[in-house]
Amino acid sequence: MIKAFKVLWNDEHLKSFTHKLIQSDTSSSSQKSLVFWYEDDNGDTKISRHILVSRFLPALGIRNLILGKDAKGLDTALPVFINGNRVEEVSPDVVKSLVFKVIDFYGGITGDFDTAEEVRTALGFSKQIFEKTGLRAIPDLYDKSPLKDTPDKAHRCFTNGWVEITKDGVTSLRDYADLPDDVIIWNDSVIDREYLFANDVTASLDNLLINRIHPVTGEYVNTKKELTSLIKEYEAKVEEQKNTPRDTHYRDFVTNLSRNDNGDVCPKSLERLKLGIGYLCHRHHFADKRKWVEIVDRDFDVSRKRADGGTGKSVLVKSLANVMNITELDGKEFKKGRSDTFAFANVTPSTEICFFDDADEKFDTTRLFSRTTGDFYVRRMRQNPFSIKASDAPKIVITSNYPLGENDASTRRRQYVIEAGSHYKTAAEIYGETPADIHGGKMIAEEGGGWNDIDWSEFHRFIFECIALYLNKGLPALDDTSDNFKRSQLIAGFGCDEAEQLCDFYLEYLNKLADSGEQVFAHGFYKTVRENFPNLPKEWKDERLYRQLRDVGAAFKVHPNKWMNGNLQQVRLGVEKNGLWQKWVDDGLEGTLKSNGEPFVEGERARAFTVTRLSNPAGGTFTPHFGNSPAPDDQGAVAASAEVS
């Protein structure tokens with residue numbers, strides 16, 4: 001997670017507020033008193049909850065920020081501390097601590113320690129004020145909203161200002177004072193580092209000479225003295241840069257992830273990596289294009305049902321924590337069959353990326369469906385649940401040594417898969433080299449890992465380049481993952497002992513039908529599959545076999561009944577007009593029973609389809625090998641039962 005560059009409520013700020021509190025209770029004050037305690041008729045100190053919640057806390061900077069709607073359509077709010085244009089979430093315990101600290105300062109400044117102690121005691125008997133229900137009465141912050149990325153712009157905040165990224169590049173550094181009054185920034189989204197203007201010093205010098213534009217601030221240089229000084233400074237930097245070329249460790253790292261087994265850079269893989277980085281670092285959702293990013297090993301061995309890892313997947317995602325606010329979750333704990341109500345409890349409204357690290361083959365992708373396409377609901381123990389509306393929801397990224405989910409339509413439309421090559425794993429296994437060895441003794445994007453200001457500047461330059469590429473091109477509309485990944489994911493999704501052979505059988509079967517152009521029957525297909533695989537799970541119904549066939553066809557672009565979106569066509573088993581009854585008999589289907597237990601007879605309807613090939617299924621990195629697979633029956637039919645819609 002990005003560290004905030006300062007605490008919003010340091011002692012200096014709280015002491016300043018305490019003086020304001022004291023001043024508000026004088027006769028000369030023009031505002032209502034912020035003092036929330038009083039003496040009753042017996043001389044005992046009492047707490048005015050109304051003044052505490054409606055005046056004191058808002059004046060201190062504590063408000064409720066409206067985030068979205070809950071399941072009932074009501075506003076969900078979160079207590080936050082606001083200071084200037086920065087805001088940070090606060091828990092009930094933090095609110096209580098801040099109030100008590102102000103009271104302590106009150107006693108120290110006024111010398112009235114007795115009153116301070118009595119107020120602390122009275123607050124101690126009013127515990128419900130600092131519970132989640134009590135804080136809900138704090139006034140809402142309706143007039144401000146967090147800085148958001150837009151469809152064509154991204155923003156990144158540093159300690160010395162903020163920048164804007166578009167498809168054309170990065171703006172000059174801007175001052176926080178330039179932000180509109182109704183815009184706030186999550187404090188833990190501010191990068192704890194100064195931004196160094198990423199443009200080449202030669203371009204900066206040219207801009208100085210021609211347009212008198214300051215290389216850092218982007219403002220016009222008014223005085224001749226300042227201009228002369230800057231020109232001299234940047235002329236020296238140009239000479240220095242000629243002799244000391246900039247290191248590009250991070251760019252090299254990402255490039256290495258795209259290398260194939262021969263060590264060559266795959267341009268398609270590199271672009272896919274850069275688009276994935278750009279997508280994750282652009283804090284905007286296109287409602288119809290929301291996906292989770294899934295980073296897996298390219299060399300997954302389906303026969304061993306594993307990959308060895310060590311390719312740099314987790315390093316890639318964790319490096320993004322230097323520019324994004326990441327909440328990391330344990331991928332191994334997010335499993336099918338396990339319902340953890342508080343699985344997302346660590347997610348905050350300022351979370352920009354939700355990262356599941358090292359997910360295994362039991363990872364439950366279906367639990368991500370609603371949070372990938374809808375609002376992001378978060379439940380926390382002993383706290384009010386809240387909802388982050390879909391447009392502001394964090395993006396999700398998963399790293400795994402396994403293909404995740406099933407290769408079905410619901411999964412495919414929600415996942416963007418990045419396959420990491422074996423460059424770093426091979427270097428470790430063969431040469432004993434770590435990534436630091438390869439990168440001059442420097443760790444990749446780690447604090448204390450040896451990076452200097454130039455390394456960080458080049459890192460930011462590359463990240464912003466990825467964002468610009470994404471803003472220009474978007475994520476690919478079509479699935480262009482390797483055939484090995486598609487096959488592995490299908491096999492993992494089948495979930496039976498003969499999954500590998502079954503997948504290859506389906507693919508060969510589809511190719512044979514695509515070559516012949518034959519229209520085939522559903523029940524012939526079911527018969528053929530069960531004859532070749534007599535040990536399939538007994539609970540598998542015919543419809544499941546057809547869904548599997550469609551999924552294989554979709555993965556390798558060999559589509560059953562594409563013209564009907566994969567649905568089955570009803571055909572009449574006639575004699576004179578189409579001769580399909582005779583084909584039914586020739587295929588050995590006479591006597592086949594319908595779902596009602598009665599046999600099909602001449603003149604009735606059955607289901608059938610043809611197969612269309614859109615591209616060569618072996619055109620990727622995987623060429624199917626069917627040596628261990630049973631051969632399909634030439635008389636088999638590919639279709640499905642009447643129950644399949």
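Author: Let's start with contact, which just means heavy atoms within 4.5 Å. Before going on, keep in mind that this is a predicted model, where local features need pLDDT of at least 70 and side-chain atom pairs pLDDT 80 or more, while totals for chains, interfaces and linings use all residues. Residues are numbered from 1 along each chain as its sequence is written, and side-chain values use heavy atoms, with hydrogens and water left out.

The part I'd pick is helix α8, residues 249-257. Helices (H or I, at least four residues) and strands (E, at least two) are DSSP runs, numbered from the N terminus. Of the 9 residues in α8, 7 are buried, so the helix is mostly covered. Buried here is under 20% relative accessible area, exposed is over 50%, and partly exposed lies in between (1.4 Å probe, protein chains only). The covered ones are His-249, Tyr-250, Phe-253, Val-254, Thr-255, Asn-256 and Leu-257.

What does the covering? Among the elements over those buried residues of α8 are the helices α9 (267-280), α10 (313-319), α13 (423-431) and α15 (453-473), along with strand β17 (415-420).

Now look at the rings. Tyr-250 and Phe-253 belong to one aromatic cluster, together with Tyr-424, Trp-451, Trp-456, Phe-459 and Phe-462. To count as over a ring, NZ of Lys or CZ of Arg must be within 6 Å of the ring centre and within 35 degrees of the ring normal. Arg-371 does something of the kind elsewhere, lying over the face of Phe-376 at 5.6 Å from the ring centre.

Aromatic pairs turn up well beyond this spot: a search of the whole structure finds 31. In the pair of Phe-36 and Phe-56, the ring centres are 4.8 Å apart and the planes stand at 75 degrees, so the pair is edge-to-face. (Rings of Phe, Tyr and Trp, the last by its six-membered ring, pair if their centres lie within 6.5 Å; planes under 30 degrees apart are stacked, over 60 edge-to-face, the rest tilted.) This pair ties together distant parts of the chain, 20 residues apart, since Phe-36 is in the loop between α1 (11-24) and β1 (37-39) and Phe-56 is in helix α2 (residues 49-60). Both Phe-36 and Phe-56 are buried. Phe-356 and Phe-363 are edge-to-face as well, because their centres are 5.2 Å apart with the planes at 75 degrees, and both of these are buried.

Stepping back, the protein chain has 20 helices and 22 strands, and 50% of its 645 residues are buried. Among contacts in the chain with a separation of 6 or more, 73% come from residues 24 or more positions apart.
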